[in-house]
Amino acid sequence: MLPLETVREFVLDRCPAGTPVSVPVADALGLVTASKIISAEAIPQFANTAMDGFAVRSADVVDAPCNLRVVETIAAGHAPQVTVGPGEASRIMTGATIPPGADAVVMVERTSLVIPSSTANPNRTAADGPASGDGTAEIVRVEVSVPPGNHVRPVGDDLHAGTVVFGVGTELTAGHLGVLCSLGMTEVEVFPRLRVGVLSTGDELVDDGSPLRPGQIRDSNRRTLLALAHRADVVPVDLGLSPDDPDEIEAAITTGVQTCDAIVTSGGVSMGDFDYVKAVLDRIGDMRWMQVAIKPAKPLAFGTVGDVPVFGLPGNPVSSMVSFELFARPGLRSMMGHPDPVRSPVTATAAEDLPRRSDGKTHFMRVLATPSDGGVEVRSAGGQGSHMLWAMAKANALAVVPDGDGVRAGGPVDVLLLD
Ligand code: AMP
Ligand code: MG
């Protein structure tokens, strides 16, 4: 048996990053930057107000309360037309440009309107805007003094022009896409999104909803692996279901290699008489068949057909998921330019015993991780057999239990928090 790290290194060495491309920002979620993003502009580009209120000269309100003459109303998206002079203020809405002359904003809640008696309405507030119709200059009463810059968002408050906003190797999340849009970018240079083919193999498998004949089971791995691929930010490609027939397996993999950047198969890589996936890969590719010192997911066939990596995962449903997490996901992320393609474990506390037998392997136990006391605690998600998909579905983490007799309740344990 080979140590997990040795096998993973072997895999990652054969999963180089693709050639950078420019893609629309709209298509870039989950992709990784291939060049530095440098801001061509400051954000914000103009000083604006963080509050609805009144733009004032701070020197005018040092002795507040005081009255100021309202000279303009400035909405977001509209340029101010009037300079605020001594004894004056402009009503201003969040996001609107600070007018010339003003250097601070008093929030509307700290003001009141001085209503001429002819238009007095006890229910009006300053936020209602000018009282109309009587031609009287509007007066606002400012209740508090404010320092220069009060509630003003200056130019470049978020970021300055010429800043390295994101370095190479940044995964673009929702917030990153927003920043690119704020900077006026419509395209971004990234490592390309992979197309990843998923193939199920096994004579026993059916996927058409028909009643099962004796010995048949339904194909669950393909849907699961396509979903894991989707979560890994690649384009999943369904390569269907192949019986345990070397020619059919070869045909399916050959089709996949022509249309995909990587392929994931399940089944047919163990010691059985009809495990043809490894034989086929041996014939048409440069393949390594490995026994990894882990449980579940001991067998792994990995190699390249042409320059397309092929991950031959074991067929047991839990094994295929764990194998995807430990080998395929890191390999695919490496191809998409992730500088740290392997998920990092966090240290949790075992909320109950996590027993195991010593067998020379690292065990990946299906657990439920929950927050506790500022940390994370884990308990078993149920049956630990590699065919027990239900417990895997209920788990949100894999506990990494090293060789030995397990972890006692209260003890520390590394866990991989799954998506
Ligand atoms: P294999 O790796 O082909 O020896 O398969 C190991 C176990 O996984 C067997 O019990 C198979 O029936 C089961 N299996 C293989 N492929 C799938 C699949 N696509 N969906 C569900 N179970 C599968
Ligand atoms: Mg099989």
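Is Ala104 buried or exposed? With a relative accessible area of 0%, Ala104 is buried, where buried means under 20% relative accessible area, exposed over 50%, and partly exposed in between (1.4 Å probe, protein chains only). The model is predicted, so to speak of local features takes a pLDDT of at least 70 and side-chain atom pairs count only at pLDDT 80 or more, while totals for chains, interfaces and linings use all residues. Residues are numbered from 1 along each chain as its sequence is written, chains are lettered from A and ligands numbered from 1 in the order in which they are written, and side-chain values use heavy atoms, with hydrogens and water left out.

Ala104 sits in strand E7 (residues 104-107); helices (H or I, at least four residues) and strands (E, at least two) are DSSP runs, numbered from the N terminus. Leaving aside residues up to four places away in sequence, Ala104 touches Phe54, Ala55, Val56, Ser58, Val146, Pro147, Pro148, Gly149, Asn150 and Val152, a contact being heavy atoms within 4.5 Å. From Ala104 to Ser270 there are 166 residues in sequence and 73 Å in space, C-alpha to C-alpha.

Next comes the nonpolar packing. A nonpolar core is taken as a set of buried Ala, Val, Leu, Ile, Met, Phe, Trp, Tyr and Cys residues joined through side-chain atoms within 4.5 Å. The largest one has 51 residues, and the members touching the most others are Val188, Val264, Leu300, Phe311, Phe327 and Leu332. Helix H6 gives this core its largest share, 9 residues. Apart from it lies another core, of 18 residues, with Leu199, Ala252, Ile253 and Val305 among them. As for Val188, its contacts beyond four places in sequence are Val21, Ser22, Val23, Val25, Ala28, Ile37, Leu172 and Leu180.

Helix H3 (residues 221-231) has its own buried set, made up of Asn221, Arg222, Thr224, Leu225, Leu226 and Ala229. The cover over these residues includes strands E13 (195-201), E16 (235-242), E17 (262-266) and E21 (308-313), along with helix H6 (317-335). Just after H3, Asp233 takes a positive phi of about 70°, although Asp233 is not a glycine. Asp233 belongs to the loop between H3 and E16 and counts as partly exposed because its relative accessibility is 22%.

On to the ligand. Ligand 1 is surrounded by 18 residues, of which the closest are Glu204, Asp219, Ser220, Gly268 and Gly315; to be near, a residue needs a heavy atom within 4 Å. Strands E13 and E15 (217-218) each supply at least two residues of this shell. Which side chain has an N or O atom 2.7 Å from a nitrogen atom of ligand 1? That side chain is the one of Asp219. Backbone atoms take part as well: a polar one of Asn221 lies 3.3 Å from a nitrogen atom of the ligand, and a polar one of Gly268 lies 2.9 Å from an oxygen atom of the ligand. Taken alone, ligand 1 exposes 490 Å², and the protein buries 78% of that (Shrake-Rupley method with a 1.4 Å probe; for residues, only the protein chains shown count as cover).

Arg91, in strand E6 (residues 88-92), counts as buried because its relative accessibility is 4%. The side chains of Arg91 and Glu138 are joined by a polar contact of 2.7 Å. Such a contact is a pair of N or O atoms within 3.5 Å; within protein, one must be able to donate a hydrogen and the other to accept it, and residues adjacent in sequence count only if both atoms are side-chain atoms.

A few backbone details round out the picture. The peptide bond from Ile43 to Pro44 is cis, with omega near -10°, and Pro44 is in the loop between strands E2 (37-38) and E3 (48-49). Ala64 and Pro65 are likewise joined by a cis peptide bond, omega being about 5°, with Pro65 in the loop between strands E4 (53-56) and E5 (66-74). His151, a residue other than glycine, has a positive phi near 60°.

Finally, the cysteines. How many disulfides does the structure hold? The count is 0, with a disulfide defined as a pair of cysteine sulfur atoms within 2.5 Å. The sulfur of Cys260 is 14 Å from the closest cysteine sulfur, in Cys15, too far for a bond. Cys15 counts as buried because its relative accessibility is 0%, and Cys260 counts as buried at 5%.
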